[in-house]
Amino acid sequence: MFRNNIFMNKLCNKEKMCVGVIMGSKSDLPIMQGAIDILQKFNIEVKCDIVSAHRTPDKMFLYGKNAVDEGLSIIIAGAGGSAHLPGMIASLTPLPVIGVPIKSSNSIDGWDSILSILQMPTGVPVATVALNGSKNAGILAVSMLAICNKELQNKIVEYKNDMKSDVLKNNI
Ligand code: C2R
């Protein structure tokens, strides 16, 4: 069910920029696939895993502590319901963390997940995107990686131009 073997537990290629995409459950994958797809479109290496603050706390701790040594530059973390994963990961790593609130089966209406990820205490930020907004999380990660990478920045400009053309094409 996992496309392109993305859940392989491989080390990142240190020569390439690598983004960690984690989620609280495999039931989150259909939503988180949006981030994976956009990162792959920009030729960014993706290391994907299921990590849960609640169900696999030891794994979460190790993931956060080892993220830099694993070669990750940014972590995108998605979770639904009482979503502690993004914030806990942000507490364990110096890397930027982008949180994706997910409207999952155990969610009341999505607000539970949004507020758990958004309302972080001062000192431990999580950049929170819209509910189920994993594609934007991917684009934000690419923009961060592009700060010191002109080639990648040009690709984002191209992406935005394509988006503009698509909208204008539909003008009535
Ligand atoms: P299941 O479908 O496996 O029951 O999971 C997951 O992200 C998922 O959206 C239901 C939902 O529980 C969420 N979950 C968390 C955490 N671990 C799992 N919010 C966590 O540690 O924050």
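1. The model is predicted: local features need pLDDT of at least 70, side-chain atom pairs count only at pLDDT 80 or more, and totals for chains, interfaces and linings use all residues. Residues are numbered from 1 along each chain as its sequence is written.

2. Strands (E, at least two residues) and helices (H or I, at least four) are DSSP runs, numbered from the N terminus.

3. In a regular strand, side chains alternate between the two sheet faces. Both faces of β4 are covered. Val97, Gly99 and Pro101 lie on one side, with Ile98, Val100 and Ile102 on the other.

4. β4 runs parallel to β3 (residues 74-80), joined by 6 bridges. Pairing requires at least two DSSP bridges between two strands. Gly78 stands opposite Val100. Helix α3 (residues 85-92) carries the chain from β3 to β4 in a right-handed β-α-β crossover. Right-handed means that, with the strands pointing away from the viewer, the path from the first strand over the helix to the second runs clockwise.

5. β5 (residues 127-128) is also parallel to β4, with 2 bridges. Ile98 stands opposite Ala127. The crossover from β4 to β5 passes through helix α4 (residues 111-118) and is right-handed.

6. The ligand is surrounded by 20 residues, counted by a backbone-placed C-beta atom within 6 Å. The closest are Gly24, Ser25, Ala53, Gly80 and Ser104.

Note on methods:
Buried ≥ 20, exposed ≤ 12 C-beta atoms within 10 Å, placed from the backbone.
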